[in-house]
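Colleague: I would like a close look at one helix pair in this model. Please take me through the packing, then move on to the backbone and the ligand site.

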Amino acid sequence: MLESDKQILRINMRDLSVKWEKTPEKWSKLGGRGLTSTIVFEEVPPLAEPLGRHNKLIVAPGIVTGSNAPTSGRLSVGAKSPLTGGIKEANAGGRTPHKLARAGVKALIIEDKPSDNDAWYNIVIRKNDAEIVQANEYHLMGAYKLTKLLWEKYPNKPGIIGSGIAGQLLLKGAGVFGNNIENSDPGRYAGRGGLGAVLGSKKVIAIITDDKEGEVVKAVDEDKFKSASKALREALQGHPVTGKDGGLQNYGTNILMNIINEAGALPTRNWSSGYFEGASKISGEAVHELVDKVKEKFGDEAEGAYAHPCHPGCVIQCSNVVPYEDNGKLHVAPLEYESAWALGANLGIDNLQQVAELNRLCNDLGLDTIETGNALGVAMDAGIIPFGDGEAAIKLLKEVGEGTPLGRIIGSGAVTVGKVYGVTRVAAVKGQSMPAYDPRAIKGIGVTYATGPQGADHTQGYTIAAEILGVKGQVTNPRDINKADLSRAFQETTAFIDSSGYCLFIAFAILDVDEGFKGMVDTVAAMLGENYGVDDVTKLGRNVLNTELEFNRRAGFTKEHDRLPEFMKEEPIAPHNVVWDVPDEELDKVHGGR
Ligand code: SF4
């Protein structure tokens, strides 16, 4: 199957119709985020109620997803966000992306909502075939149990993505979960922006892609595609961060815990310090040690792992499986840096087992760990439970599933908790909580949080790669306030990668190795039969950003919304005792002219 053979699968949840539409020419060169954002821009009224019938939820595999290119099994989920009120794209791996692409889906568009408020549905997709099936029996079921039942019911080791309890309760902290590759566990999240609530508002519990083998997606120019894939693979495998036995395979993304702590930028106890004395106990190194320890103790019975892929064909394999310490069995997979920080350092919790349990609970409830960790942090700041009390945090989080009023407040995200309890130390932009890097200590990432169209989101312009980790061996001073150009360059390149179907983590290698960068661009060009060169990346990424920014403008956003919260300008953060001091004019330079 050629990429151009893939079709638009349009599902209307009011009349329960299923239509396969030939991909319109105007969308034919798009994929992933470029495609979800374009469809949202063209088909969703900017002032639509995010949980109303006029919003749409779009799922699109990337341009090279479904092929045999390395680390290419990602998909984008897009909609108008109930959390930010603007356009949103969230990106994930798992079983579904390759399967969906190989089933012939260029984009799945879910529109409208059933008139019967009590009816719940699953969507089942096979090659060139889809149906909507009644699913009331799964309503408000925990995601582990739900995915296990669906895994047993559908015969072809299906890809499953879904709305979770939080999404079905229409809570703004809800993500769209996806199952892991080796089992049914819901460990893969298109987590941000409350997109799980949009799926829940459509009365969809799960989308099950159950094709048998599928058909590998072929490029227009297969020879060019194969040699470019090889160049990319070599760059990834030869790099000390992304390669075999490299930093990501050994310690996962959570290798960052100690690094960011040492940089004085690890948000601690609801953003009141940049240093957490217990960081090493919840770090990637601690997970690695635990995996080795239970392996030694329980032998083949032990289920912990590092160097674990989140989708078939990932050569980086940054994922992990955290075991229970007392029996070696699977506790949660994966435990990423962002989750370990949000549910650990940000809450003052240094007990790895408690952090893993909080992550497992988020997965079971269908909650974004970043938003939920921030919400719990604000709740601790409000004195509801003490900082550092893991058991109390677990108990409070369970209230989300019980649907108590306090549980619903926590599940609605940090801004809501702050408003209800009068806490002004809320680290959010455009309604969405900040991830695990304090912008007072690392300015470029703050520029991205402020100016990116998605609200506070590190993945839309990861300047940490330059400011902390170094690109081509050079580190840009994290405290330099002139970061508009850096953030813009990262935002544009990222928009291209998010559209390609590659995992963003290929950036660690391709920013260092020119042949890898060219390989990435050439695979995309070969897949589409285009003549893109390396210089086209920023132009194509810019087009995606412009579409998103224009949607937000029409939804009522101005440059005055591109600002960090007031407390960051006034509360210095230890240990460097720095405030947010990037001038507004520097922020306005990022996208200019709005
Ligand atoms: S690098 Fe990590 S997050 Fe990215 S696709 Fe591979 S396992 Fe998944």
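Modeller: This is a predicted model. Start with helix H1 (residues 32–43) and helix H18 (residues 484–500), which pack at an angle of about 95°. Their axes are 4 Å apart. An angle of 65 to 115 degrees counts as roughly perpendicular, so H1 is roughly perpendicular to H18. H1 makes the contact through Gly32, Arg33 and Gly34. H18 contributes Thr494, Ala495, Asp498 and Ser499. By class, the residues of this contact are 1 nonpolar, 4 polar and 2 charged.

Now the backbone. Ala333 and Pro334 are joined by a cis peptide bond, with omega about -5°. Pro334 sits in the loop between strand E15 (330–332) and helix H10 (337–342). Another cis peptide bond links Ala574 to Pro575, with omega about 5°. Look for Pro575 in the loop between helix H22 (567–570) and helix H23 (584–591).

Next, positive phi values. Asp112 is not a glycine, yet its phi is positive, near 65°. Asp112 lies in the loop between strand E6 (105–111) and strand E7 (121–126). Its relative accessible area is 11%, so Asp112 is buried. Trp271 also has a positive phi, near 60°. Its place is the loop between helix H8 (256–262) and helix H9 (284–298). Trp271 is buried, with a relative accessible area of 0%.

Last, the ligand. The residues around the ligand include Thr71, Arg74, His308, Cys310, His311 and Cys314. Ile316, Gln317, Cys318, Cys503 and Phe505 are also among them. This shell divides into 6 nonpolar, 4 polar and 1 charged.

Notes:
Residues numbered from 1 in each chain as written. Predicted model: local features only at pLDDT ≥ 70, side-chain atom pairs only at ≥ 80, totals over all residues. Heavy atoms only, no water. Near = heavy atom within 4 Å. Nonpolar A, V, L, I, M, F, W, Y, C, P; charged D, E, K, R; others polar. Axes fitted to C-alpha atoms, helices over the stretch in contact; angles between N-to-C directions. Helix = DSSP H or I, 4+ residues; strand = E, 2+ residues; numbered from the N terminus. Parallel < 35°, antiparallel > 145°, perpendicular 65-115°, else oblique. Contact = heavy atoms within 4.5 Å. Buried < 20%, exposed > 50% of the residue type's maximum accessible area, 1.4 Å probe, protein only.
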